[in-house]
Amino acid sequence: MNALSIRKLRKTYNNGFEALKGINLDVEEGDFFALLGPNGAGKSTAIGIISSLVNESSGSVSIFGHDLKTDRSRAKSCLGLVPQEVNFNQFDTVKSIVINQAGYYGLPRKLALQRTEHCLKQMDLWDKRDTVSRRLSGGMKRRVMIARAMVHAPKLLILDEPTAGVDIEIRRSMWKMMEAVNQEGTTIILTTHYLEEAESLCRNIAIIDQGLIVENTDMASLLARLHVDHFILDLAESLANVPVIAGYQIERIAEKILSVAVPKELGLNQLFSQLSAHNIKVISLKNKSNRLEQLFMDLVESKSTGAE
Amino acid sequence: MNYSIALKTLVIKEISRFVRIWPQTLLPPAITTALYFLIFGKLIGGRIGTINGASYMDYIVPGIILMSVISHSYANVVSSFYSTKFQRNIEELLVAPVPNWVILAGYVSGGIIRGLLVGLVVALISLLFADIVVNNVLITLSMALLTATLFSLAGFINAVLAESFDDISIIPNFILTPLSYLGGVFYSVEMLEGVWKTISRANPILYMINAFRYGLIGVTDVSIQLAYMITGGFIVVLMFFSLFLLHKGIGIKN
């Protein structure tokens with residue numbers, strides 16, 4: 001069963017801006033799905049419509065088979081949303097924010113208390129349950145929003161840039177938490193600007209640009225399309241001249257650092273043989289950029305070139 | 001789906017909000033109205049004599065109580081719902097399976113409860129200055145309840161349509177307060193002449209204050225049935241308009 005089905009979804013704002021131009025999208029139950037796109041591409045509008053914060057112009061959305069127009073309550077009961085920006089009452093305590101949300105979803109008081117405790121412990125916030133939320137750090141506020149979104153045990157969880165602005169330690173702990181939630185059976189849709197995050201967590205991906213889905217496939221197939229990898233080489237000694245090796249594009253970016261574009265059909269072995277032949281000693285190498293980032297830029301740029 | 005838990009959650013949240021800030025919500029009307037009773041009732045009222053057979057102090061008590069109910073039921077909903085909109089925690093309700101009527105009923109209930117609590121506080125203060133024996137309990141309580149409902153709905157509409165904090169103070173300051181003062185709180189409409197009497201009779205607050213005054217001390221300038229019809233009519237119109245705004249998402253959705 002599809003956790004989410006979107007058909008011919010369009011949104012034109014009052015100022016005439018067409019944010020969505022009739023998109024179709026399916027997300028399977030249990031998936032960890034990445035919805036990516038540059039700023040203003042339409043992903044926030046799509047998420048807004050799915051979570052009933054934005055009125056669609058036309059088209060349909062169904063969540064676990066429940067149409068958002070005709071079977072609104074059941075559709076909404078399946079969904080949890082972690083929005084981009086903090087949107088809880090900053091004068092409320094952590095516990096009351098989560099427990100009130102449980103009440104809005106119709107959880108009886110006893111169950112609401114149990115679920116609140118479970119979610120706050122899962123987010124490592126139980127010790128902060130009586131703290132007024134405005135006193136929390138940015139990372140803690142994001143975790144409060146995740147706990148709030150999960151309190152009614154939704155089958156579909158939408159995380160809209162959940163790790164934006166948090167430090168790497170918190171980000172990694174949030175990745176672990178998201179993976180654990182997904183492994184427990186919750187379908188997750190993630191939007192993020194950290195493409196490394198999407199690459200390491202998500203199994204399927206859709207890229208949205210200028211209101212259209214420009215790519216919708218599984219992560220492995222998408223990454224397999226990369227024909228060229230870019231590497232950074234740290235050299236033992238500085239070079240008088242940049243070596244010229246057939247098939248490889250080599251640039252010097254610092255005294256002892258080279259950037260090399262490696263075509264997949266040639267690979268690294270041949271590069272290293274040629275570098276040894278030039279008597280160049282390599283100390284270490286790393287990917288120049290995230291692979292998905294490369295593809296993302298290619299897809300978005302080719303789309304905008306096509307549009308022009 | 002059973003929405004009673006969502007409604008109960010929302011109502012408790014609204015009550016906790018105004019109780020938590022009681023020095024701003026419950027205390028000021030006690031002080032302001034004590035001053036009204038002291039200055040207008042005791043010091044000036046003593047020289048005025050009676051109106052329609054009631055002492056001036058007794059005459060102004062119902063109007064001052066109901067004026068407090070009006071302003072506080074309105075203020076509670078307009079400030080609470082606008083803050084919810086401004087801080088975007090309205091999204092907590094929009095995402096959840098909470099129907100529009102529960103959202104409306106939750107906020108309006110908060111306004112009614114605060115309005116009636118303030119009314120009770122003012123009524124207790126009035127006992128220090130006046131010796132009132134309630135004429136008709138049913139009319140007194142029902143008119144206070146209906147008035148609180150009406151102005152809670154009006155506050156809700158104001159909050160939905162407001163785009164800035166200025167917008168939520170314009171109506172209370174420039175419309176609600178003048179209409180309350182001109183609604184016969186301190187005088188009988190029969191004391192006015194000609195066009196002023198006609199204009200005063202177009203003020204719906206006049207009917208509520210007079211019906212409430214009838215319930216409390218048995219004196220009125222208007223028909224009680226007409227007062228119920230006007231108040232009930234406004235409630236129905238404002239309720240459907242509020243639900244229409246929520247349905248369309250005006251002011252709260254893109």
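What follows is a chat about a predicted model with chains A and B.

Me: Okay, chain A. How many helices and strands?
Reply: Chain A has 10 helices and 14 strands. Those are DSSP runs numbered from the N terminus, helices being H or I with at least four residues and strands E with at least two.

Me: And what are the spans of its C-alpha trace?
Reply: About 75 × 45 × 35 Å along the principal axes.

Me: How is chain A divided into domains?
Reply: Domain 1 of chain A covers 2-223 and domain 2 covers 227-292, with bounds that come from an automatic or database domain assignment. Their C-alpha centres lie 41 Å apart.

Me: What share of chain A is buried?
Reply: 41% of its 308 residues. Buried means 20 or more other C-beta atoms within 10 Å of the residue's own, exposed means 12 or fewer, and partly exposed is in between, with C-beta atoms placed from the backbone.

Me: Which residues have the most contacts inside the largest nonpolar core?
Reply: Ile63(A), Ala147(A), Ile158(A) and Phe156(B), in a core of 149 residues. A core here is a set of buried Ala, Val, Leu, Ile, Met, Phe, Trp, Tyr and Cys residues joined through C-beta atoms within 7 Å. Helix α4 of chain B (residues 56-86) gives the largest share of this core, 16 residues. There's also a second, separate core of 6 residues, including Leu258(A) and Leu275(A).

Me: What is Ile158(A) in contact with?
Reply: Skipping neighbours within four places in sequence, the list is Ile47(A), Ile50(A), Ser51(A), Leu79(A), Leu81(A), Val82(A) and Ile189(A). Contact means C-beta atoms, placed from the backbone, within 7 Å.

Me: Switching to α6 of chain A. What does its span look like?
Reply: α6(A) runs over residues 168-183, 16 residues in all, and reaches 22 Å from first C-alpha to last, close to the 22 Å expected at 1.5 Å a residue. The expected span is 1.5 Å times one less than the number of residues.

Me: Which of its residues are buried?
Reply: Met174(A), Met178(A), Val181(A) and Asn182(A) are buried in α6(A). They sit on the same side of the helix because they cover an arc of only 95 degrees around the axis, the arc being that of the directions from the helix axis to the C-beta atoms.

Me: And what is on the face turned away from that buried side?
Reply: Exposed residues: Glu169(A), Lys176(A), Ala180(A) and Gln183(A).

Me: What do the buried ones pack against?
Reply: In chain A, β3 (32-36), β7 (156-160), β8 (187-191) and α7 (195-201). Take Met178(A): beyond four places in sequence, its touching residues are Leu159(A), Ile188(A) and Leu201(A). Met178(A) counts as buried because it has 23 C-beta neighbours inside 10 Å.

Me: What follows α6(A)?
Reply: Gly185(A), with a positive phi near 115 degrees.

Me: Last one: how many residues does each chain put into the contact between A and B?
Reply: 24 from chain A and 21 from chain B. On the chain A side, α2 (72-77) and α3 (94-104) each supply at least two residues. By class, the side of chain A that touches chain B has 10 nonpolar, 12 polar and 2 charged residues. For those classes, Ala, Val, Leu, Ile, Met, Phe, Trp, Tyr, Cys and Pro are nonpolar, Asp, Glu, Lys and Arg are charged, and the others, Gly among them, are polar.

Notes:
Residues numbered from 1 in each chain as written. Chains lettered and ligands numbered in written order. Predicted model: local features only at pLDDT ≥ 70, side-chain atom pairs only at ≥ 80, totals over all residues. Contact = placed C-beta atoms within 7 Å.
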